[in-house]
Amino acid sequence: MESLFLSFWNRSVEAGWLILAVFLVRLAWRRCPKWALCLLWMLSWVRLLGPFTMESSLSLMPRLDPLPAQTETEAEASVSPPAFAVDGRDPAPVIPADPAPEPVRPALRPVRIAAFLWPAGRAAMGLWALAGWLRLRRRVAEAVPEEDGVWLCEAISAPFLLGLRRPGIYLPPGLEGESRDCVLAHERAHLRRRDHWTKAVGFVLLTVYWFNPLVWLDYLLLCRDIELACDELVVRDMGVQRRKGYARETLRLTLDKCREAGEAQVLITCDKDNIPSARTILANGGVLENEVADEPGLGQSNVIQRYWITLTKS
């Protein structure tokens, strides 16, 4: 078990350097297309899934010696070969030289403890996912079909996609007109991109490598960028007026979730040169607080506008 755990540990360490590199790209290049960021986040999956290492003379990954697969070694006893008589005479006594002491590697107790906890963590993650899935299935058990692949459920407060083989779109009550069209366009973009499969594979890897915080960072930011990539896909085929409506409704639905969570105020920021985003924030009640300087990055403004939106109970 220890050797198996160490092999997975070494894979996660190597994948961690890729995750850190993508994280730095995400920070420096804010206007990078989100679909491209999703692909970059999945680069680490190649190392996490495969027992091989991709080596290149241009690699930026530092070369580190992996942890040994064995946790204990013992010095082998030095045995002198026996002396035999030659021509009937007793051999000259052979005095063996003192062998150089071989280092004895002490037992790696932290590795033993980690190898013991590793399957327990995997089981806990699996049970947590199963409990969440069963809870959702109970909540949508009485959902009413509205159209092909779309269900209306009174027991939910936010729309989502559920299922792998035959995923369905589940909508809460009260969505009408432009709000409903925007939500359906967003969820159908998830279907077109096969995001339900992407998240499933990502969670399986997270279950296996739960001990590495960088894998958690990879999964959480991937899920966030998946949502933004769907927004990009939706607005790409829209006209200017429909884009304005989609952005306004998306922000309004987000504010509704913040209101349900009990938040009194929400801080929203945007680049100063992003005029459409500023107009969308103002249309939802945003009040400009100030402008702050930011470190200039790749293709981004170095002035950030900070808006506060006060949430009133509906």
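This is a predicted model: local features need pLDDT of at least 70, side-chain atom pairs count only at pLDDT 80 or more; totals for chains, interfaces and linings use all residues.
Ala, Val, Leu, Ile, Met, Phe, Trp, Tyr, Cys and Pro count as nonpolar here, Asp, Glu, Lys and Arg as charged, and the others, Gly among them, as polar. Residues are numbered from 1 along each chain as its sequence is written, and side-chain values use heavy atoms, with hydrogens and water left out.

**Salt bridges**

- Side chains of opposite charge can pair when their charged atoms come close.
- The whole structure has 15 salt bridges (a side-chain nitrogen of Lys or Arg within 4 Å of a carboxyl oxygen of Asp or Glu).
- One of them joins arginine 180 to glutamate 146, with the closest N and O atoms 2.7 Å apart.
- That pair links distant parts of the chain, 34 residues apart: arginine 180 sits in helix α5 (residues 177-193) and glutamate 146 in strand β1 (residues 144-147). Helices (H or I, at least four residues) and strands (E, at least two) are DSSP runs, numbered from the N terminus.
- Glutamate 147 and arginine 188 also meet in a salt bridge, at 3.0 Å from N to O.
- Glutamate 147 is in strand β1 and arginine 188 in helix α5, so this pair ties together parts 41 residues apart in sequence.
- Arginine 193 pairs with aspartate 195, the closest N and O atoms being 3.1 Å apart.
- Salt bridges that share partners join Glu146, Glu147, Arg180 and Arg188 into one network.

- Buried means under 20% relative accessible area, exposed over 50%, and partly exposed in between (1.4 Å probe, protein chains only).
- Glutamate 147 is partly exposed at 37%, and so is arginine 188 at 35%.
- Arginine 193 is partly exposed at 25%, but aspartate 195 is buried at 3%.

**The cavity**

- A search of the whole structure turns up one cavity of 30 Å³ or more. On a 1 Å grid over the protein atoms alone, a cavity is a set of points where a 1.4 Å probe fits but cannot get out, and lining residues have an atom within 4 Å of a point.
- The largest cavity holds about 40 Å³ of space, a volume being the space filled by probe spheres set on the points, which are joined across faces, edges and corners.
- Its lining includes Trp45, Gly202 and Asp218.
- By class, the lining of the largest cavity has six nonpolar, one polar and one charged residues.

Methods:
On a 1 Å grid over the protein atoms alone, a cavity is a set of points where a 1.4 Å probe fits but cannot get out, and a pocket is an open set with protein on both sides within 12 Å along at least five of seven lines; lining residues have an atom within 4 Å of a point.
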